[in-house]
Amino acid sequence: MSDDRWPAEWLRGVLSLCVLRIVADGPTYGYAIAARLAEAGLGEVKGGTLYPLLTRLETEGWVTSNWTAGEGGPGRKFFALTDAGAQALLQRGQQWHVFTQRAAGLLQSVPTAR
Amino acid sequence: MAKAPTSVASYCDDLLLHLRAREVPGARIGEVLAEVQSHVAETGERPDEAFGSPRDYADQVAAALDLPRSGPAAFLRRAVQWPDLLVAVTLGLSCFVLADGLWSLGAGERGLFGLPAWRPTVLAALVLAAGTARTVRAGRRERDADAVIDPRTGADMAAFAGWRLAVLVVVPVVLLVAMFVGGLVAGS
């Protein structure tokens, strides 16, 4: 799907889980996370949404961050998953799976518009 | 490289003010500013494209930190303390008395309330010096307590640049000298 414009409230619900999943693949930084989200077909997530979300994840103790110097650039902030984050990802991931299955079950048959 | 480095700098200046007004801790402000700089350098976006207006983004950051939302009025009530206000008014008054005294000295007239011009002038200069010293000391203390630290370099991101201090000192001094010269011209 090329036009990845999902309703904002859907994204709000699942974005932290998706970001957690991306960070689970290894330490990564903001721009790369946004690129992964777009690649996965979840649409363009702006910095203004992404960094406060990462701050929340850090406050929860699910990710840690540290800065690395960039070559002549302003550096990158790398985020890494903690054990608590891995646990949360596992739990919430399973929950989300059940949740979407149930929603899909309900939405399976949609009466045709009259 | 960001498209317009100056606009990144001015965006960060605005953002810093709005974050301060929401009482975000200095270390966190440093993180947020560094994130903005790093992100726009990577994407080539304008900061307001990627993060929205400084005001809105500051709101989002404060919300992510679970800081209570407060308007500028509440911030002023907390930030402005009576002693500071009193010092500010005293400084303003002594500036006026000093300017008036210098003019009178230049013109060879008597000063305020018919006193010899040098008396209110010296008094005002002393008060001004004491008040300035107090303000500078207070400013130093606060900056140390909650500085906006760049997480990458440990540098103070809101350092009081030398040229700013020069402007703050030079402009009043020039104006006061101008009062004296004005008095000389008027008196001759």
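I start with one arginine: R76(A) is partly exposed, at a relative accessible area of 30%. Keep in mind that this is a predicted model.

What does R76(A) pair with? Its side chain meets that of E42(B) in a salt bridge, with 2.6 Å from N to O. That pair runs between chains, from helix α2 of chain B, where E42(B) sits, to strand β3 of chain A, which holds R76(A). E42(B) is partly exposed as well, with a relative accessible area of 25%.

Next is K77(A), which forms a salt bridge with E35(B); the closest N and O atoms are 2.6 Å apart. K77(A) belongs to strand β3 of chain A and E35(B) to helix α2 of chain B, so this pair also joins two chains. Are these two residues buried or exposed? K77(A) is buried, at a relative accessible area of 3%, and E35(B) is buried too, at 2%. Buried here means under 20%. As for why such pairs can form, side chains of opposite charge can pair when their charged atoms come close.

Across the interface of chain A and chain B, the rule finds five salt bridges.

One pair within chain B is D84(B) with R134(B), where the closest N and O atoms are 3.3 Å apart. D84(B) is in helix α6, residues 82–107, and R134(B) is in helix α7, residues 118–145, so the bridge ties together parts of chain B that are 50 residues apart in sequence. D84(B) counts as partly exposed at 33% relative accessibility, and R134(B) counts as partly exposed at 31%. In chain A, salt bridges with shared partners link R21(A), D25(A), R36(A) and E39(A) into one network.

Now the interface as a whole. How many residues are in contact between chain A and chain B? On the chain A side there are 17, and they touch 22 residues of chain B. About 1,700 Å² is buried between the two chains, and carbon and sulfur atoms give 54% of that area. Within chain A, the residues that lose the most area to chain B are Y51(A), W67(A) and P74(A), together 33% of what that side buries.

On to the core. The largest nonpolar core has 41 residues, and those with the most contacts inside it are V19(A), L37(A), L50(A), L15(B) and Y57(B). Helices α1 to α4 of chain A and α1 to α4 of chain B each supply at least two residues of this core. The largest share, nine residues, comes from α1(A).

Take L50(A). Apart from neighbours within four places in sequence, L50(A) is in contact with V19(A), G30(A), I33(A), A34(A), L37(A) and V45(A). There is also a second, separate core of nine residues, including V87(B), V97(B), L98(B) and L176(B).

Last, helix α1 of chain A. It covers residues 8–23, 16 residues in all, and spans 22 Å from first C-alpha to last, close to the 22 Å expected. Where is the helix kinked? The kink is centred on V14(A) and is about 45 degrees. Among the buried residues of α1(A) are L11(A), V14(A), L15(A), C18(A) and I22(A). An α-helix has 3.6 residues a turn, so residues three or four places apart point the same way. What covers the buried residues of α1(A) includes α2, α3 and α4 of chain A, along with strands β1, β2 and β3 of chain A.

Definitions and conventions:
Residues numbered from 1 in each chain as written. Chains lettered and ligands numbered in written order. Predicted model: local features only at pLDDT ≥ 70, side-chain atom pairs only at ≥ 80, totals over all residues. Heavy atoms only, no water. Helix = DSSP H or I, 4+ residues; strand = E, 2+ residues; numbered from the N terminus. Expected span 1.5 Å × (residues − 1). Bend = angle between axes of the 7 residues up to and from the residue. Buried < 20%, exposed > 50% of the residue type's maximum accessible area, 1.4 Å probe, protein only. Contact = heavy atoms within 4.5 Å. Core = buried A, V, L, I, M, F, W, Y, C linked by side-chain atoms within 4.5 Å. Buried area = accessible area lost by both parts, 1.4 Å probe. Salt bridge = Lys/Arg side-chain N within 4 Å of Asp/Glu carboxyl O.
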